[in-house]
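User: I would like a close look at one part of this protein chain, with its surroundings described in a connected account. Please keep to what can be read from the coordinates.

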Amino acid sequence: MTPKGRIWGAVALVSLLAAGCGSGQPSAQPKPHNNVKTTKKAPMVASQNKSPRRTLKVIAFYDQTMAKVPPDPFYLLKAHPGLVDYVAPFWYEAAADGSIIAKPEGNAAAAAAADHLPLMPLVNNAGGTDAFLHSASTRTTLVNNLVQLIKNHHYAGLNIDFQQLQPADRQALTAFMTQLYHALPPHVALSMSVVPLTNLNGASSAYDYQALSPMVSAMVLMAYDRHGDGTPPGPVSPYPWVVQSVNRALNAGIPRQKLYLGIANYGYLWTDHSTHAQTIPLKVMYQHKYGKFVWNPTYKEAYDSYTVNGVPHVIWFVNDQGAVDRIKLAEKDHLGGVAFWRIGYEDAKWWNAVAAALNHQSVAAAMRPKVSPQHPLHHQPKKAHHH
């Protein structure tokens, strides 16, 4: 998903909540390149509360601004302990010169530490820049900065999420990831987010799946935003396209155990047949007051259309049922895991459905009363000092 389409400011979301919202064929594992270390990079190890019954691992991307919008996403996460293996907050951006821009951390570090959740911060490319890729010097600068970041904060992993790249970035991106792979400590899990393959000339051609996969512990397939801001109305993550994207990724050389299926928990609202769409978190979708959502069994998404003051509106979004269908796809294809974009957008009903689909209802969690979907609690966890 492009930064433009997925960045949701806290102010805009709070306003929307107040208004009530009407108002991303299997093939053999590729042979390692000659310059790849024989020692394996850290596997995607589950959190301390992992149930042995669960086969899919989980990465949960997290925007710290969501902590300002009740209910606190970490409270909902706590209702299903051990479900998430890594929390990937949006804390860092790579600048054109290879320096790192740090974002406010919010409460993620303290909340994750309290629940013993390994952190895998996401590193984006600021403004979609690719300038740092095209110089050996700036690539080295960025790699050194990232390694220092890991050492300073003792992170369990790192997620590289470079987007809006060009086909000409293909070799440079692979060179960067190779250099980063060699430089990171062996215990650090390195993951990478990639857009689904389309054609040789599109934006996806910047990602050499086969060359990149030996460098990472997980390759997150962003199988969403097929439609969104900048396109006509349509399903965000149409199921047939998701299936096609998974098959193309496997055919391109990503081993099954490294492929993580990205699952959205948001949607888009279009008005007056415009190509401009507004991002709507899932928990806001359920406050919609202009009609009932219709389930589309082909796209496995929810849909609605309505008119307000003569202006037509169209909504498409991946609800809890859509998330379950995509989890089942990942299980059927024996993928390594799933990645949720993003916690803070969802509600208790979504968490309960996802937890059940992942077959991770521990005895303790099963006996614990579920958080009511109709009455999400606005309880905030106690604040912890963060240094």
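With which side chain does the side chain of Gln163 make a polar contact?

Analyst: The model is predicted, and every value below is computed from it. The side chain of Gln163 makes a polar contact with the side chain of Asp161, at 2.6 Å. Gln163 is placed in the loop between β5 and α6. Because its relative accessibility is 2%, Gln163 counts as buried. Gln164 lies in the loop between β5 and α6 as well. Its phi is near 60°, a positive value in a residue other than glycine. With a relative accessible area of 39%, Gln164 is partly exposed.

The largest nonpolar core has 121 residues. Phe162 is among the residues with the most contacts inside that core, a group that also holds Ile59, Ile160, Met192, Tyr207 and Leu261. Leaving aside neighbours within four places in sequence, Phe162 is in contact with Ala94, Val123, Asn124, Asn125, Phe132, Leu142, Leu173, Phe176 and Tyr207.

Not counting residues up to four places away in sequence, Thr129 touches Ala94, Ala95 and Ala96. Thr129 is found in the loop between β4 (122–125) and α5 (136–153). At 17% relative accessibility, Thr129 counts as buried, since the cut-off for that class is under 20%.

Leu142, another contact of Phe162, belongs to the buried residues of α5. This helix has 18 residues. From its first C-alpha to its last, α5 reaches 26 Å, close to the 26 Å expected at 1.5 Å a residue. At the start of α5, a side-chain oxygen of Ser135 comes to within 3.2 Å of the backbone nitrogen of Ser137. The buried positions in the helix are Thr138, Arg139, Leu142, Val143, Leu146, Val147, Leu149 and Ile150. An α-helix has 3.6 residues a turn, so residues three or four places apart point the same way. The buried residues of α5 pack against β2 (86–94), β3 (100–102), β4, β5 (157–161) and α6 (170–183).

Just after α5 comes His154, with a positive phi of about 60°, although this residue is not a glycine. His154 sits in the loop between α5 and β5. With a relative accessible area of 68%, His154 is exposed.

In one of them, the ring centres of Phe90 and Trp341 are 4.9 Å apart and the planes are at 15°, so the pair is stacked. Phe90 lies in strand β2 and Trp341 in strand β14 (residues 337–343), so this pair ties together parts that are 251 residues apart in sequence. Both Phe90 and Trp341 are buried. The peptide bond from Trp341 to Arg342 is cis, with omega near 0°, and Arg342 lies in strand β14.

In a further pair, the ring centres of Tyr224 and Tyr266 are 6.4 Å apart with planes at 70°, so the arrangement is edge-to-face. Tyr224 is located in the loop between β7 (218–221) and α8 (239–251), and Tyr266 in strand β9 (residues 266–271), so the pair ties together parts 42 residues apart in sequence. Tyr224 is buried, with a relative accessible area of 4%. Tyr266 is also buried, at 0%. Ring pairs link Tyr224 and Tyr266 with Tyr268, Trp270 and Tyr345 into a cluster.

Lys300 lies over the face of Tyr239, at 5.1 Å from the ring centre. Gly253 follows α8 and has a positive phi, near 115°.

Methods: Residues are numbered from 1 along each chain as its sequence is written. This is a predicted model: local features need pLDDT of at least 70, side-chain atom pairs count only at pLDDT 80 or more; totals for chains, interfaces and linings use all residues. Side-chain values use heavy atoms; hydrogens and water are left out. A nonpolar core is a set of buried Ala, Val, Leu, Ile, Met, Phe, Trp, Tyr and Cys residues joined through side-chain atoms within 4.5 Å. Buried means under 20% relative accessible area, exposed over 50%, partly exposed in between (1.4 Å probe, protein chains only). Contact means heavy atoms within 4.5 Å. Helices (H or I, at least four residues) and strands (E, at least two) are DSSP runs, numbered from the N terminus. The expected span of a helix is 1.5 Å times one less than its number of residues. A polar contact is a pair of N or O atoms within 3.5 Å; within protein, one must be able to donate a hydrogen and the other to accept it, and residues adjacent in sequence count only if both atoms are side-chain atoms. Rings of Phe, Tyr and Trp (its six-membered ring) pair if their centres lie within 6.5 Å; planes under 30 degrees apart count as stacked, over 60 as edge-to-face and the rest as tilted. A charge sits over a ring if NZ of Lys or CZ of Arg is within 6 Å of the ring centre and within 35 degrees of the ring normal.
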